[in-house]
Amino acid sequence: MEFSIKTELLQPQNNSSLLIIAAANNNRNNTVIDTLLSQLDQQEKDFLATHTLEQNQLQAVAVARIEEEDYVNIQKLATSVACWAKEQIRIDVDLSLVSKAIVQKWVQAFTIAVGEAVYRFDTLKKDTKPIKLEQVHYYTSQEVNEYLIKAEAIVYGMNICKDLGNAPGNVCTPSYLASTAARIAENVGASARIMSTAELQEMGMNALLAVAQGSTAGAYLIELQYHGAPEADEKPVVLVGKGITFDSGGISLKPGAAMDEMKFDMCGAASVIGAFAAAAKLKLPLNLVAVIPTCENMPSGNAVKPGDVVKAMNGLSIEVLNTDAEGRLILCDALTYAERFQPKAVIDLATLTGACIIALGHVAQGVLGNNQPLIEQLLEAANNINDKTWQLPLFDEYKEQLKSNFADLQNIGGRPAGTITAAAFLSYFTKSYPWAHLDIAGTAWHSGSNKGATGRPVPLLVEYLLQQV
Ligand SMILES: [Zn+2]
């Protein structure tokens, strides 16, 4: 599917569908548009599509009217128009009736919405339906192109994230995640390094290895590097993503219901790979590193047991009281590893706690960290692109819940404030740099008939990275 900006005068073609974007207070001087707008008024709608119009040979004519200019409203309208759009073949978008500010927002929001609407994961099905929509042409000035390029990069990153998230646990294994990440990085001109068990042992990543030891799939640390900054030694942003390709809970086995959804426990890793690839594709002038610890969490005779004490890479000992709180164990060693890059900022992403779903539902992801300016930047990016994110506090008092009689830390803090105590645990490993943690347990995938990875928070990450340049 192809999107493009056309600067010539729009002359509707026989095989195309015309989409007119109107504003709330358009001057009505065009009979076709007048008719459609008055129909919108009568039906009290903001979108109307007709199949054919008698005076020409178009496939369809549709009008979308933007009542309010804020991005949230435009995005909502774009999402409903995208349902119509995916059934067309070629769409010519008339943007001549709206302001430049609306054009920019519409091109961005509609491109992402169409990308979402046409996405499907059918590689494992025998019969697949091809995507009907082939082309979307925006008739406007060339200046808008940067919004189109950005939106296409976001769709590209979201699709990578969704494909990895949706792949089942017997396809998307730790080694598959590692080799796919490396291939994607190489495709966008970045480098990849994959470290396996022996190297992880040498570095003392015993917390990561403890989680992996119950599975035959092994453990890997994936490192991707993209150098785009004009100064080669500019400090990088480091993205760290949790890559548990299947989380059974280990010896602290999860209940059976919806356990299949634990294939999505690598969505932190998937969003990091997607955002990394999008940033490299955009050739952003910054340095970026992705660090992904990956393994399965399985029960077996070799699995880590409740009460076991392991020594993390930074020397702290951890009492594993619940083997299902494994995300923080693999992340803590990855966060220690991130120190070597002397990062400008480290952002980790993880489907970390069910408690985050209790706190924020499936609407917003939680953000916590040790650096308020970094958190503010993320909140601003989230707001700009409407990838909803909400800050939770990280007061020192929460650390009390992590005290162990047998080790420096224990890996769970009880039921109260589960998302915060998980972040408090991570804070012991992030002292040497500005750090933010995004808990995406509620936003990374949909359940039920709509089951599938959402691609979030790739939009937030790309928006944040764009803000850094
Ligand atoms: Zn778990």
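Tutor: Happy to, and one definition comes first: a residue is buried if 20 or more other C-beta atoms lie within 10 Å of its own, exposed if 12 or fewer, and partly exposed in between, with C-beta atoms placed from the backbone. This is a predicted model, in which local features need pLDDT of at least 70, side-chain atom pairs count only at pLDDT 80 or more, and totals for chains, interfaces and linings use all residues. Residues are numbered from 1 along each chain as its sequence is written.

Lysine 242 counts as buried because it has 29 C-beta neighbours inside 10 Å. It belongs to the "binding site" annotation of an unreviewed UniProt entry, which covers Lys242, Asp247, Asp265 and Glu326. These residues are spread over 85 residues of sequence, yet they cluster in space, with a largest C-alpha distance of 11.4 Å. UniProt positions are given in the numbering used here, feature names are shortened, and annotations may be inferred rather than shown by experiment.

Lysine 242 sits in the loop between strand 9 (237-241) and strand 10 (243-247). Helices (H or I, at least four residues) and strands (E, at least two) are DSSP runs, numbered from the N terminus. Not counting residues up to four places away in sequence, the contacts of lysine 242 include Met266, Gly268, Gly327, Ile330 and Thr351; a contact requires C-beta atoms, placed from the backbone, to lie within 7 Å.

Aspartate 247 belongs to strand 10. It is buried because 25 other C-beta atoms lie within 10 Å. Leaving aside its neighbours within four places in sequence, aspartate 247 is in contact with Met262, Asp265, Asn297 and Glu326. Strand 10 itself is mostly covered, with five of its five residues buried. It pairs with strand 11 (residues 287-297) in the parallel sense over three bridges, where pairing requires that DSSP finds at least two bridges between two strands. Within this pairing, isoleucine 244 has cysteine 295 of strand 11 as its bridge partner.

The end C-alpha atoms of residues 322-329 are 11 Å apart, and the span is 38% helix and 0% strand.

Now for the wider setting. The largest nonpolar core has 155 residues, and Leu239 and Ala279 are among those with the most contacts inside it. Such a core is a set of buried Ala, Val, Leu, Ile, Met, Phe, Trp, Tyr and Cys residues joined through C-beta atoms within 7 Å. Helix 8 (residues 267-281) gives the most to this core, with 11 residues. The core draws at least three residues from each of domain 1 (2-141) and domain 2 (153-467), whose bounds come from an automatic or database domain assignment. Leaving aside neighbours within four places in sequence, alanine 279 is in contact with Tyr226, Leu284, Leu288, Val462 and Leu465.

Helix 12 (residues 418-427) is mostly covered too, with 10 of its 10 residues buried. Among the elements that cover its buried residues are helix 9 (327-338) and strand 14 (345-350).

Finally, the C-alpha centres of domain 1 and domain 2 lie 37 Å apart. Their contact takes eight residues from domain 1 and nine residues from domain 2. On the domain 1 side, helix 2 (71-85) and helix 3 (100-118) each supply at least two residues.

Definitions and conventions. Two residues are in contact if their C-beta atoms, placed from the backbone, lie within 7 Å.
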